Amino acid sequence: MFYPKWLRQAGALLLGGMLAFSQLPPAHAAGDDWQTIYKGVLRSTLNDETVFPADGQGALAVLADLNLDGVPELFLGRPTEGSRSLRQYTISGNAGAELQPATAQDQVDLAIQDLKLYYNSTTGQTLLTAESHGVEEGAQNSFAIYEYALADGQFTGRTIFSYTDQISQYGGVPRVETTYRCIVNGSLTTVTKATYENALAQYYDGYELVEEYEATSALLEGSRREAYNAEEVDALLKSYTPCPVLALPSQSPVIVDGRQMDLAVYNIGGNTYFKLRDLAEALNGTGKQYNVGWDNESRQVAIESGQPYQPVAGDPTAPQSTVPSLGKQPSDAYVSFDGRKVEAEKYNINGNNYFKLRDLAQLLDFQVEWQQSSRSILIDTTKTYSPA
């Protein structure tokens with residue numbers, strides 16, 4: 001069977017489909033300290049001897065951002081008991097919440113540690129995929145691709161594609177018969193080889209591999225007395241590398257001091273992100289105006305508060321996109337503010353840096369509010385900043 005190069009390189013397990021378009025209020029701060037939260041979750045879960053007895057086998061832990069909101073989910077399983085996740089968690093508000101399967105058939109395979117991200121720049125859809133290879137009892141070879149989705153604290157997981165090479169005897173001569181299956185009308189159905197290959201090619205059509213996405217995994221061996229080991233857990237959590245996130249174009253109007261502005265705004269994980277120069281232009285002439293430049297000494301983007309904004313030629317306001325984009329977190333999350341280095345969360349989206357609105361509001365000391373009745377983002381430069 002032939003697989004195109006991009007599919008052979010993909011790895012396994014699949015989180016399909018476009019995440020639902022969202023218009024969340026900008027005052028969402030879930031997952032700001034997810035490492036501390038997961039440390040407590042791991043301590044309680046690993047010390048539960050009914051799940052992870054201190055028998056030397058340890059636990060396989062995987063951190064993977066399934067919904068691309070910037071905060072990873074946590075999966076835990078026993079390395080020697082198949083490859084299924086026994087416990088899975090996400091961050092909800094300021095606490096860890098156990099993910100529940102939508103049905104009794106839904107499961108997470110710990111091959112999730114090999115997740116690969118694919119993105120369709122035309123539609124904004126994403127796929128997280130991984131492959132499962134193995135030898136089943138009575139079969140020479142087996143292969144499967146699973147599809148996963150995460151919504152409302154529940155995950156779904158089902159096989160989308162699979163094949164098995166079954167050994168049979170015909171007149172004393174062994175023969176290999178391959179059975180192909182794929183989803184047809186919502187059910188995993190046996191199909192011909194041609195149907196299988198055509199469906200597989202169509203499934204990935206238009207997607208490109210995103211090299212920067214990677215799950216983090218570690219075998220937590222614990223000790224003879226208990227499964228939890230603080231140093232191992234700290235090392236796992238600190239080793240997680242931020243991955244690309246899904247940036248949803250916001251349809252919420254932006255009103256600055258009573259004036260509606262036409263700005264490109266993205267929502268990431270419930271927070272609102274603005275292009276730094278777009279916001280500078282919107283605030284120009286107000287008491288919170290600022291200029292944007294470059295600080296050669298600190299090698300940072302520089303914000304000069306109180307200064308009129310000076311546009312840069314060839315840098316027009318970006319039009320609002322209509323499809324989700326991928327946001328990539330730069331390694332340097334700092335800016336120079338009036339000559340001092342300060343931290344500010346930012347993402348690179350379509351070649352431009354977008355900053356969290358509430359970080360900028362706190363730096364420049366203006367108020368941000370969410371008006372539920374009009375579903376609008378309100379910026380008031382006459383008021384001082386206060387957290388939501």
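**Talking through a predicted fold**

Biologist: What makes Gly93 stand out in the hairpin of S4 and S5?

Modeller: In this predicted model, Gly93 takes a positive phi near 65° in that hairpin, which has two residues between its strands.

Biologist: How do you know that S4 and strand S5 (residues 95-98) pair?

Modeller: Pairing takes at least two bridges. S4 and S5 have four, in the antiparallel sense, so they qualify under that cut-off. One example is Ser92, whose bridge partner in S5 is Ala95.

Biologist: And what joins S3 to S4?

Modeller: Three bridges, with the two strands running antiparallel. Leu74 stands opposite Tyr89 in S4 there.

Biologist: Leu74, OK. Which residues does Leu74 touch, leaving out those up to four places away in sequence?

Modeller: Tyr38, Val41, Leu42, Ala61, Val62, Leu63, Arg87, Gln88 and Tyr89. Leu74 is also listed with Tyr38, Leu42 and Leu46 as having the most contacts inside the largest nonpolar core, a set of 49 residues.

Biologist: Why is that set called a nonpolar core?

Modeller: The name calls for buried residues of types such as Leu, Val and Tyr, joined through side-chain atoms within 4.5 Å. The 49 residues form such a set, so the label applies. Elements that each supply at least two residues of this core include helix H2 (34-46), strand S3 (73-77), strand S10 (139-151) and helix H4 (230-239). Another core, of 30 residues, lies apart from it, with Leu276, Ala280, Phe355 and Leu357 among them.

Biologist: Why do the buried residues of H4 count as lining one face?

Modeller: The buried ones are Val233, Leu236 and Leu237. Down the axis of H4, they fall within an arc of 90°, so they line one face of the helix. They pack against H2, S2 and strand S15 (216-220).

Biologist: Which residues of H4 are exposed on the other side?

Modeller: Glu231 and Lys238. Exposed needs over 50% relative accessible area, buried under 20%, so the two sides of H4 fall into separate classes.

Biologist: What about the barrel: which strands does it run through?

Modeller: The closed barrel of six strands runs S16-S19-S20-S27-S26-S23, with antiparallel pairing. Neighbouring strands are turned by 40° against each other on average, direction ignored. Three bridges join S16 to strand S23 (residues 325-328), and Val245 stands opposite Gly327 in S23.

Biologist: Which helix packs on the sheet at about 80° to S20?

Modeller: Helix H5 (residues 276-283), which touches strand S20 (271-275) and strand S27 (352-356). Helix H6 (residues 357-364) packs on the sheet too, touching S20 and S27, and its direction makes about 70° with that of S27.

Biologist: Back to sheets. What order do the strands of the open one take?

Modeller: S18-S17-S29-S28, with mixed pairing.

Biologist: Why do S18 and S28 count as edges?

Modeller: Strand S18 (259-261) and strand S28 (367-371) each have a single partner strand, so one side of each is left without a neighbour in the sheet. The twist averages 30° from one strand to the next. For S28, the partner is strand S29 (residues 376-380), joined antiparallel by five bridges; Gln371 has Ser376 as its bridge partner there.

Technical notes: Residues numbered from 1 in each chain as written. Heavy atoms only, no water. Axes fitted to C-alpha atoms, helices over the stretch in contact; angles between N-to-C directions. Buried < 20%, exposed > 50% of the residue type's maximum accessible area, 1.4 Å probe, protein only. Contact = heavy atoms within 4.5 Å. Arc of directions from axis to C-beta.
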